[in-house]
Amino acid sequence: MKLGHGQLGRRILLSVSSALLALSFAPTASAQDAGGEEKKDVSASEDAAKKEEDKWFAVINADVYPGTGGHFRDGTILAKNGKIEQIGVEVDLPEGTTVLDAGGLRVYPGLVAYASSGLFGASSSDFADTVNTFSPNLVMALGNGITTAGQSGAALKLKRGEIEGVLMKEKATTLLNFSAQNPQGRRSLLEKFDASARYLRDYRAWEEQKKSDKDAKEPSKKDSDATIVQVLRGDVRARFQADDREELLGVARLAQKYGFRPVIEGCREGWTVAEELGRAGAYAVVTPRDRTDKSEELVAAGGTSIENAAILRRHGVQVAIVPSSKGVDLGGIAGRDILALTVEAGFGVRGGLTNEAALEAITVVPARLLGVEHRVGTIEVGKDCDLLVCDGDLMHYETFVQQAVVDGKVVYEKNKELFYAHIRPNIDSVLAPETRVDKGQEGAAKPAEGEAKDKEEKKDEKGPDQGDKKDDKKD
Amino acid sequence: MRALCVAMLALASCRAAPGAREGDGGRPESASRTLELVIRPLADGETGLVVRCGKLITCDAEDTIFAPGVLVVRNGRIEAAGERCDAVPKGFEVLEFPDATVAPGLVDLHTHIHSGSFADVNDMVLPVNPEFRTSPAIVPGNRMIRRGLAGGVTTLFGIPGSGTSMSGFGVLYKSKLDTTYDEAVIADPGGLKVAEDSNPQREAGDFGVGRGALAWIIQDVNDRAKASIRAGSDDPGLANLRKIHTKELPVLIHTAGSEGIVNTARMWRVSNDTRSTLSHGCFDAWKTSPAVIAIGMTVNNGPRTIEWFSSREGRVIGISAEYLKNGARNLSMNTDSPVVPQEELALQSAMSSRYGADGLTMLRALTIHPAIAFGIDDRVGSLEPGKDADLIVWNGWPLDPRSRVELAVIDGSVEYDRARDGQIF
Amino acid sequence: MKLRNLLSSCVALALSSLATAGDLVAIKAGHVETVSHGCIQHAVILVEDGKIVTVGKDLPIERGIPIIEAPDLWIVPGFVDPYSRVGLDARGGSEFNPQIRAEAELFPRNEEFEETLETGVTTLGLYPPGSGGMPGQACAIRPVGATAQEMLIKSGSYLLFVFRSDARSKKMLKDAFEKADEYVEKEKKAREKWDKDQSKKKDDKKDEKKEEKKEEKKEGTAADFQDEVAQDKKDEKAEKTDAAKGYVPPEADEKIKPFLDLRANKLRMLVTLFGAADWLHFSQALGKEKIGYDLRIALTRDIDVYEVAKQIGEKKLRVVMEPEITTMAGTLRQRNLPAEFVAAGAKLVLLPRGDSPTALKNWPRNVGEIIAAGLDRDVALRAMTLEPAEMLGIAERVGSVDKDKDANLLFFNGDPFEPSSKLIAVMFEGRIVHGEVQQ
């Protein structure tokens, strides 16, 4: 999508150069053409040529919710070659920038699904060589805000129609079994940890020793486990599937003993041992709606709690939220599959998380667990330009993603795709209620809108007024 | 001027809610019924409750919303609803929820959790069971009901499963917790459950394997019931079924698919004049819904709220949105619990709303609509004087998954108090 | 047996006695679609020794030359089915066997070939069987001949690669070219060495080396006779050139040779794709390697290759597929993929929907459905004749009505794409082998 295709109100920042302004009303002109035309006027210096190679992309007129606390209106996010270059209110856009006019809509970082299945076709391993980024599931996931997804311990970017750069991290996490149900496995894992820790200690010592003694003997890897060495080094996160209180405490003790931060999936009774898990530096991946009744024989607290996520977070456990189904479920029961990340996180809010914390649980926290938080999860300079343009509070169940941007490229537009285009197609009618109330009054004062073809221009006129009004009210 | 004032107040409460957007946002809130309530003191032996809240959603015929709102309850019944009341006579318990929203308790017409599990819902011996009743299996206040209450559900129609064509008579009850059968039950039998299409079409080779024979089986027993009315017979096996045909009791019909719902509507509205509600209506049923609505059939949608496969255009269809678009006037939602957990009834409407249905209508689909469908709107479904005081205090818009139930009141008594009982859901 | 059949059927055509080769025959036709240079009304085609001698409008015909009068008929070139298993039945695996040649399976005494000819398919490309990997090289054949050699037009028409988006497929391709690189390196060293030796020893050991090499070759040669024939021919050539220079390059592995051929543009690759993602993965695996290749799209009901039609079209690639209307995934929206690819700039080959006589018979009708749905008619005809001939590397012999090409002509009583039209007669290399024409 090129310059001026933002099909919402086509308002344009005044700070944008006049050439750009002119182009914004010629939707068919591509940014490259623009560069070409410009060149005639500007002396074709080497710098200009260099600039042309860079791909600039900007979202303008946005209510930006960067995920780092707070938000600001009329914001611009500028990206260069897929990375965020600048965020601000007054940002000069380089010539040839592909502009997406968010027209007062909200912009959030792309969501991160900690675990998913079936988004990349039948692909479930060897992702670099197998992903199908044309899969309808992937498009639907983008339509529901997911731009990064974990699968089988790997971190993947939803780069629609591309295969380069999809695999962000091949081995972000590794699943370890430390279940009390399997005492033999538990013992063998402990032995591996012991041996690996010993090896790592010896190895570090050897590295020191080597400096003075060139002939120092490299320690033996005997009995150590390559994966666990990676875990202890912090290169790969160890994840455990544990729900039961005792199991959770077991993982916490293991982690404390060997000095690593475990990722605990399930963690249903985590709220009963939140303090211990917090002390162990654990991360939890929870489904707020999980339901298990506590055992009748148990005197202590047990079973699931809707407050699990909130309690864990209060005790310093970083919480990621996943729905109960990792795949896309179109069987008809809505709100329980991977597409319902925000719904599930919403139940986290119901249990006491703040809206912001719930959003973190489906953005930056899972990004961290997948080892890609330096690239995704928030809108920050230097990170990947993965954005969602939304027609309201992202956490609200009625909100739809209007556009999804991945690596500075619009890869999904609600109105151009099959799935949701028919639902509330008129974006003005779906904006947040305060806007809608304003609109009612404004609409009454204004003459009725003319023909459909004039409509867009009208919006241009109307838009900034509306923005001003909102600001007034805020004051 | 006053209208504006109310709108701004509503705005304030909107902002207090976790979501900036609410399902009713944009609707001008009624200012015509701004009431200063005057409360008569309690007489001897009377109990009284006053609930003050940021917003009171009544779900009455005019969709009145009071913001702020006050609800006065006397002896378990609603005495008045309005905007403010300053003087509360002695003896009334006063509950203050200045930031919260009060809405009617939710009603689910299609549930199977009365026994506390999925057991005891089917009697799979005969294809028609007009004598069968679920009431012996009911376990009032069981865990599933309790969680449902914490999700805002106060009235349930507990019914047999769809394993047989005429599955039996269900019981209408309230989700009271520390209660007895008599206290919990509104009506036993509360209505008939019939299953047409899919599930009762057994593959075992017995009669009724196809839709035609299935219809014959059901019509045959209907004809016998009608004949027994004409003959003045008192055949006990048909006693309850006669009440269906005399319209004393309603009937809920499990049916789905585009052909299924049309057959169902014809049988229960044209061939037999009954107070019938079509339940499920999922899959591609939305395609034939205009025909069904034209016959006057009431629809109770769920547990499936969306449909993708039957759309020729790759659209994700919001089933409720289609029913509403096609003119359904009394649409209600169900969970088919435990298919969808009972406590997620509100989510059924939220999802309908996400996929295109109007927000406030979808709240009515959980309150007054099902009450009307089953003829219990004189008691439940809205917060109006004279009705049972079944109300839920939410900390936000009821359909928003982020909103939690702070308090659940049934018949004027607090059945669930989050602060007191801990948050169950 | 086969030939006898043919002959007897020709005898049965009591009216036409122009069956003997060497005869000169003229065809006067109302409507000739040359494919290469448009449509000629009132055309005359002169055929001699099974080859077309002239084609033109209202040409004078010498007295005494027998004339086939077809004033109301439409003549089109014989159809070329470049992706066929007619007459073959073996099932293949999914291994890396680029050295296998489809003609090894060829079984001339097979009635299916005769049936094929009767449907108007006068040239076949036979592919090696395989559900994955590289099952081998296809050949181009005439569906007529008493021996495999007689039938064979061209060995090594294309190397088939049934590509799937997996690590194995990609590795297979990369490894093959890496091995080819290794060989090139090895050859280079051998050459340097030879040059060095040469400067030292001059040419006294030349004969010895030649003999060594010959022996080596014999060991590596496949048992199959066609292979031997083909190999011998090549060897002869190679020896002639290399021997003259005196340098004999080291022998390449049989499995590597096809990749040297690909790079040298002596062989094409036909890549089977099952979806849009396969295209991305194949392109990635191929990298900067420059080879000639065509894409066969294995159609499924809602295949998503339209997602990459633009990319493929921009590269002016040739796409090979069956004439089917597909749908857009998740919808009933119809897609005319052949037309979409052509619009995007790709070249098109249309295949019959199967190898059965019925499928072959219905081929023009099926293509007609795609034309009705928007595919350009001339492109469609070319997609059954000249384009597949080019794909098989035999366009100098078949695929159009042109001078010096085989006189493979189909006589229809109307537009071949109209369901009401009938194939009246088939001329194969100057002989009417099926049906009847007025003389």
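This is a predicted model: local features need pLDDT of at least 70, side-chain atom pairs count only at pLDDT 80 or more; totals for chains, interfaces and linings use all residues.
User: Let's start with chain B as a whole. How many helices and strands are there in chain B?

Analyst: Chain B holds 12 helices and 18 strands. Its radius of gyration is 22 Å, close to the 22 Å that the globule rule gives for 425 residues, so chain B is as compact as a globular protein of that length. Along the principal axes, its C-alpha trace spans about 70 × 55 × 40 Å.

User: And what share of the residues in chain B is buried?

Analyst: That comes to 57% of the 425 residues. Take the contacts in chain B between residues at least 6 apart in sequence: 69% of them join residues at least 24 apart.

User: Which domains does the assignment give for chain B?

Analyst: The domain assignment has domain 1 as 2-104 + 385-421, and domain 2 as 106-373. Their C-alpha centres lie 30 Å apart. Where the two meet, 20 residues of domain 1 of chain B are in contact with 21 residues of domain 2 of chain B.

User: Which strands supply the domain 1 side of that meeting in chain B?

Analyst: β5 (93-104), β17 (405-410) and β18 (413-417) of chain B each supply at least two residues to the side of domain 1 that touches domain 2. β17(B) gives the most, with three residues. By class, that side of domain 1 of chain B divides into 12 nonpolar, one polar and seven charged residues.

User: Now a single residue. Is Arg304(B) buried or exposed?

Analyst: To judge burial, count the other C-beta atoms within 10 Å; 20 or more makes a residue buried. Arg304(B) has 22, so it is buried. You'll find Arg304(B) in the loop between β12 (298-301) and β13 (306-307) of chain B.

User: What does Arg304(B) touch, leaving out residues up to four places away in sequence?

Analyst: Arg304(B) touches Gly332(A) and Ile333(A) in chain A, plus Cys282(B) and Ile319(B) in chain B. As for Lys287(B), 17 residues away along the chain, its C-alpha atom is separated from that of Arg304(B) by 15 Å.

User: Over to chain A, then. How do helices α6(A) and α7(A) cross?

Analyst: For a helix pair, look at the axes first. Those of α6 (residues 183-212) and α7 (residues 226-233) of chain A come within 9 Å and cross at roughly 65°. The crossing is right-handed.

User: Which residues meet there?

Analyst: From α6(A) there are Lys192(A), Phe193(A), Ser196(A), Ala197(A), Tyr199(A) and Leu200(A), and they meet Ile228(A), Val229(A), Leu232(A) and Arg233(A) of α7(A). By class, this contact has seven nonpolar, one polar and two charged residues.

Key. Residues are numbered from 1 along each chain as its sequence is written. Chains are lettered from A and ligands numbered from 1 in the order in which they are written. Axes are lines fitted to C-alpha atoms, for helices over the stretch in contact, and angles run from 0 to 180 degrees between N-to-C directions. Helices (H or I, at least four residues) and strands (E, at least two) are DSSP runs, numbered from the N terminus. A crossing is left-handed if the near helix is turned anticlockwise from the far one by less than a right angle, and right-handed if clockwise. Two residues are in contact if their C-beta atoms, placed from the backbone, lie within 7 Å. Ala, Val, Leu, Ile, Met, Phe, Trp, Tyr, Cys and Pro count as nonpolar, Asp, Glu, Lys and Arg as charged, and the others, Gly among them, as polar. Domain bounds come from an automatic or database domain assignment. The radius of gyration is taken over C-alpha atoms; the globule rule is 2.2 Å times the number of residues to the power 0.38. A residue is buried if 20 or more other C-beta atoms lie within 10 Å of its own, exposed if 12 or fewer, and partly exposed in between; C-beta atoms are placed from the backbone.
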